[in-house]
Amino acid sequence: MFKIAKYIALDIIKSKVVMAYTLLLMAICISVFLTDADVTKGLVSITTIMLIIVPLVSVVYATTYYFNAAEFTELLVSQPISRKNILLGKYIGISSSILSAFLIGVGVPVLLFAFGSTGIILILTGSLLTLCFISLAFLASVAMRDKAKGIGLALMIWFYCSIIFDGLVLVFLYALSDYPLEKVLIAITAFNPIDLARILVLLQLDIAALMGYTGALFQDFFGSGFGIVFSFGLLMVWFVVPLIISLRVFRKKDL
Amino acid sequence: MYLLRYIIYFTLSFFIVFGNAQAKTIVVKSGAKPQSLKEAIAMAQNGDTIVVQKGIYASHNTVVNKSLTILGKNRPVLDAQFKDEVLTVTASNVKIEGFLLRNSKTGDLRDYAGLRIFGASNVHVNDNILENNFFGIYISDSHRVSVTNNKVTGNNNRRQAGNGIQAWKSDHITITGNQVTAHRDGIYFEFVQNSHIKDNSSEKNLRYGLHFMFSNDNSYIHNQFKNNQAGVAVMYSKRIKMQYNQFNENWGSSIYGLLLKEILDSQIAHNTFYKNTSAIFMESCNRNKIYSNSFSNNGLALRVLSNCQDNNFTLNNFKGNTFDVTTNGDLLENHFAHNYWDKYEGYDLNKDGIGDVPFRPVSLYAQIMERIPQSVILMRSFIVNLLDKVERSIPSITPLSVKDDSPQMKPWKI
């Protein structure tokens, strides 16, 4: 399993795409911190960018890599290695390289310019988000036979999580604005890893705008120790559950 | 003629010398007569000076009913031991300087104060420290009172805190260079006219840093209001000047940097609003000029309710606020011009420093939040950014009347 992971990680590093991703993240972070004197504002900008780029790159790159290495997978399957180990090896290989790209690209600048609890939460949520979307990419990959369809599905997942879901929430709020929706909303956010990550970082950053009764309620929940554990736990669920499902599918899949 | 003039000079100088000889200085010292300020006042006559030496003196509502200059040497302590007020001034032309007044009684029926000035004029209170009093300095029915360089600290007890410096039904009050903290309201004015509040700092009070009602023609200049539990609230007043003040870090739900209610014909200029939940909240305010202020890092820079009319917002800087302007309806007859908005994305083809496209400070998301407060959960999400961008180019929901036709490309130097 780790041998496969090591091989894949080395292969990815050789391909330079991940290197470009690292440099992109780093360039964004450093330029944001250098142009803006206010660290908090810089963290807000980085969060906004991170919430779009990190899931997109993770999901698309992982899917593409999975399909590009399809022949290698077939070769591995012919060897006496369990399918679970093959997929886990791939997962560890891909996720470790993308994760380290994120940690170098975002983690290092954030720790250098904005060391503190907010920075650490930003890095943690970003890392978990990366893992979540690689898991989802694996789910998309094992569900589809065709490369185009697989990447299409992966993109749909990203599109759904970052735009459609929030749009639906907005429509839902408009339609049912007469009802007390606060608690329902907390439950609804659990269905989208990007929302979870956003709220986690947001509560560390601009509490000012969370005004009035609703804001206070959300802050009571997500700002408390339990709320933070809850959100991190749900992000972990988003990372583990798709992976387990894809392992099951892959075990029985006709390659 | 010369002779007559000499005679006049001579008589005048005689009176001056004689007057000086009359005004004596009484020294209060523990252990010797007079032992207390009360005894000294009983001995004194108008125009005398009382010097109180260092020591701790019990003072259960000592009444200053003569025109005296009362000086504390090496900061003597007047302690009411929670039994009454510390000091009450009822005479005019009194000066009180250099004391530490502490431990006034607290009460529900009466407003006990560290220093009460009642029905007097020309009273000067300089360089005193007031600690642990129910009310700090309480001025009522008085004229031309100056309160300068005092340090007023309350008891920080939510249930038993009065105001730091309170003025009621007075005029020509000058409050300069004081520090007020841990009281209910830092500075409170009611029915006070023609007064000036300058260079004070009011921090960490339990309610408002500054609070005034029905007080016209006053000016508030160079004060600092920081970290007060409910910010600053000013109501039902006309012709107020609020300039060069700092409203910082008044933070939390329903806390305002500056809450204005029925304020008319006033000027709010050159103030700094930094990190407030709502920097300015306006309700029923008409004909005010709000110019050259800096709004930065606030949750909400301006909240103007639609019952406000004829207010002018010009030459202000808006930077890093989550929302620049919000309202609950349409804003008619309120004018925005020549402000700098960091969210402005227009262009300036003729390079005159003014953007060619008008800026609409009320964002779509602010309008959505107005209708559905729960949508706060979507803050800073991609879809909200997207909708805001679309709305900026093709406005549909946001009020058309709220716009700045001449947004600045570069921030003003404030």
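At what angle do α3(A) and helix α9 (residues 193-205) of chain A pack, and how far apart are their axes? The angle is about 175 degrees and the axes are 11 Å apart; axes are lines fitted to C-alpha atoms, for helices over the stretch in contact, and angles run from 0 to 180 degrees between N-to-C directions. This is a predicted model, in which local features need pLDDT of at least 70 and side-chain atom pairs count only at pLDDT 80 or more, while totals for chains, interfaces and linings use all residues. Residues are numbered from 1 along each chain as its sequence is written, and chains are lettered from A and ligands numbered from 1 in the order in which they are written.

**Confidence**

- The model scores ipTM 0.82 and pTM 0.84.
- Chain A has a mean pLDDT of 89, with 96% of its residues at 70 or more; pLDDT is the predictor's confidence in each residue, from 0 to 100.
- For chain B the mean pLDDT is 90, and 95% of its residues reach 70 or more.
- Among the elements of chain A, helix α5 (residues 83-113) has the highest mean pLDDT (94) and helix α10 (residues 212-222) the lowest (72). Helices (H or I, at least four residues) and strands (E, at least two) are DSSP runs, numbered from the N terminus.
- Where pLDDT is low, the predicted coordinates should not be read in detail.

**Helix packing in chain A**

- α3(A) and α9(A) are roughly antiparallel to each other, because angles over 145 degrees count as roughly antiparallel, under 35 as roughly parallel, 65 to 115 as roughly perpendicular and the rest as oblique.
- In this pair, residues of α3(A) including L43(A), V44(A) and L51(A) meet residues of α9(A) including I194(A), R198(A) and V201(A); contact requires C-beta atoms, placed from the backbone, to lie within 7 Å.
- The contact of α3(A) with α9(A) comprises eight nonpolar, two polar and one charged residue. Ala, Val, Leu, Ile, Met, Phe, Trp, Tyr, Cys and Pro count as nonpolar, Asp, Glu, Lys and Arg as charged, and the others, Gly among them, as polar.
- Helix α3 (residues 39-68) of chain A also packs with helix α7 (residues 147-175) of chain A, their axes coming within 9 Å and crossing at roughly 165 degrees. α3(A) and α7(A) are therefore roughly antiparallel to each other.
- Among the residues that meet here are L56(A), V60(A) and F67(A) in α3(A), and I151(A), L155(A) and W158(A) in α7(A). The contact of α3(A) with α7(A) divides into 12 nonpolar, four polar and one charged residue.

**Annotated regions**

- From an unreviewed entry, UniProt lists "transmembrane region" for several spans of chain A, including 88-114 and 225-245; annotations may be inferred rather than shown by experiment.
- Residues 88-114 of chain A are 96% helix and 0% strand, with end C-alpha atoms 35 Å apart.
- Residues 225-245 of chain A are 100% helix and 0% strand, with end C-alpha atoms 30 Å apart.
- UniProt (unreviewed entry) lists "domain: Carbohydrate-binding/sugar hydrolysis" for residues 44-190 of chain B. That span is 0% helix and 50% strand.

**Interface and local backbone features**

- In all, 21 residues of chain B contact 32 residues of chain A. The chain B side divides into 10 nonpolar, nine polar and two charged residues.
- The peptide bond from K33(B) to P34(B) is cis, with omega near -15 degrees. P34(B) lies in the loop between β1 (25-28) and α2 (37-43) of chain B.
- R239(B), although not a glycine, has a positive phi of about 50 degrees. R239(B) is in the loop between β25 (231-238) and β26 (241-243) of chain B.

Definitions and conventions:
Contact = placed C-beta atoms within 7 Å.
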